[in-house]
Amino acid sequence: YLEYLILSSNRATLLEIFPDVSDIAIEIGFGLSGGGEQITLINSDGELVDQVDYDDESPWPTEPDGNGKTLELISPGLDNALGDSWDASNGIGGTPGTTNSISNE
């Protein structure tokens, strides 16, 4: 059973572009840097669930660096700390609420 949580810098704009998104779209009020950043997921008990420091230089895919394509994990089973585990989305804007466009799952 897969669930997706969509975080957006602007929920209204997200729903305008992707009106069929049925998952909860949480407005976080900020965007992520195209030049790399750390994303940390912590559960309700304050425990680290996952963390990734992504970048826009090799071995990380460079195409998603502000050009419309998004950075997508190739498979949930891969180590997301490795740039080779990621690729550019097939289309513009990503796939909010659904499986990644390049997923091999």
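1. Among contacts in the chain between residues at least 6 apart in sequence, what percentage join residues at least 24 apart? The figure is 28%. This is a predicted model, and the points below should be read with that in mind.

2. Confidence. The chain averages a pLDDT of 82, and 92% of the residues score at least 70. Strand β2 (residues 25–27) has the lowest confidence in the chain, with a mean of 75. Strand β4 has the highest, at 88.

3. Overall build. The chain has 1 helix and 6 strands. Starting at the N terminus, the order of elements is β-α-β-β-β-β-β. The radius of gyration is 14 Å, close to the 13 Å that the globule rule gives for 105 residues, so the chain is as compact as a globular protein of that length. Along the principal axes, the C-alpha atoms fill a box of roughly 35 × 35 × 30 Å. Of the 105 residues, 23% count as buried.

4. The β3–β4 hairpin. Strands β3 (residues 37–42) and β4 (residues 48–54) run antiparallel and are joined by 6 bridges. Isoleucine 42 stands opposite leucine 48 of β4. There are 5 residues between the two strands. Within this hairpin, glycine 46 takes a positive phi near 80°.

5. Asparagine 43. This residue sits in the loop between β3 and β4. What does the side chain of asparagine 43 reach at 2.9 Å? It reaches the backbone nitrogen of aspartate 45. The side chain of asparagine 43 also makes a polar contact with the side chain of glutamate 47, again at 2.9 Å. Asparagine 43 has a relative accessible area of 29%, so it counts as partly exposed.

6. Glutamine 38. This one belongs to strand β3. Leaving aside neighbours within four places in sequence, glutamine 38 is in contact with Gln51, Val52 and Asp53. With aspartate 53 there is a polar contact between side chains, at 3.1 Å. Is glutamine 38 buried or partly exposed? Its relative accessibility is 43%, so it counts as partly exposed. From leucine 5, glutamine 38 is 33 residues away in sequence and 18 Å away in space, C-alpha to C-alpha.

7. The aromatic pair. The count of aromatic pairs comes to 1. The ring centres of tryptophan 60 and tryptophan 86 are 5.9 Å apart, and their planes lie at 35°, so the pair is tilted. Tryptophan 60 is in the loop between β4 and β5 (69–73), while tryptophan 86 is in strand β6 (residues 86–92), so the pair ties together parts that are 26 residues apart in sequence.

8. Burial of the pair. Why do tryptophan 60 and tryptophan 86 count as buried? The cut-off is under 20% relative accessible area. Tryptophan 60 has 9%, so it is buried. Tryptophan 86 has 15%, so it is buried too. For orientation, tryptophan 86 and asparagine 43 are 24 Å apart in space, C-alpha to C-alpha, and 43 residues apart in sequence.

9. A cis peptide bond. Which residues does a cis peptide bond join? They are serine 58 and proline 59, with omega about 15°. Proline 59 lies in the loop between β4 and β5. Tryptophan 60 lies in that loop as well.

Technical notes:
Residues numbered from 1 in each chain as written. Heavy atoms only, no water. Pairing = 2+ DSSP bridges. Helix = DSSP H or I, 4+ residues; strand = E, 2+ residues; numbered from the N terminus. pLDDT = per-residue confidence, 0-100. Phe/Tyr/Trp six-rings, centres within 6.5 Å; stacked < 30°, edge-to-face > 60°. Buried < 20%, exposed > 50% of the residue type's maximum accessible area, 1.4 Å probe, protein only. Polar contact = N/O pair within 3.5 Å; in protein donor to acceptor, adjacent residues only side chain to side chain. Rg over C-alpha atoms; globule rule 2.2 N^0.38 Å. Contact = heavy atoms within 4.5 Å.
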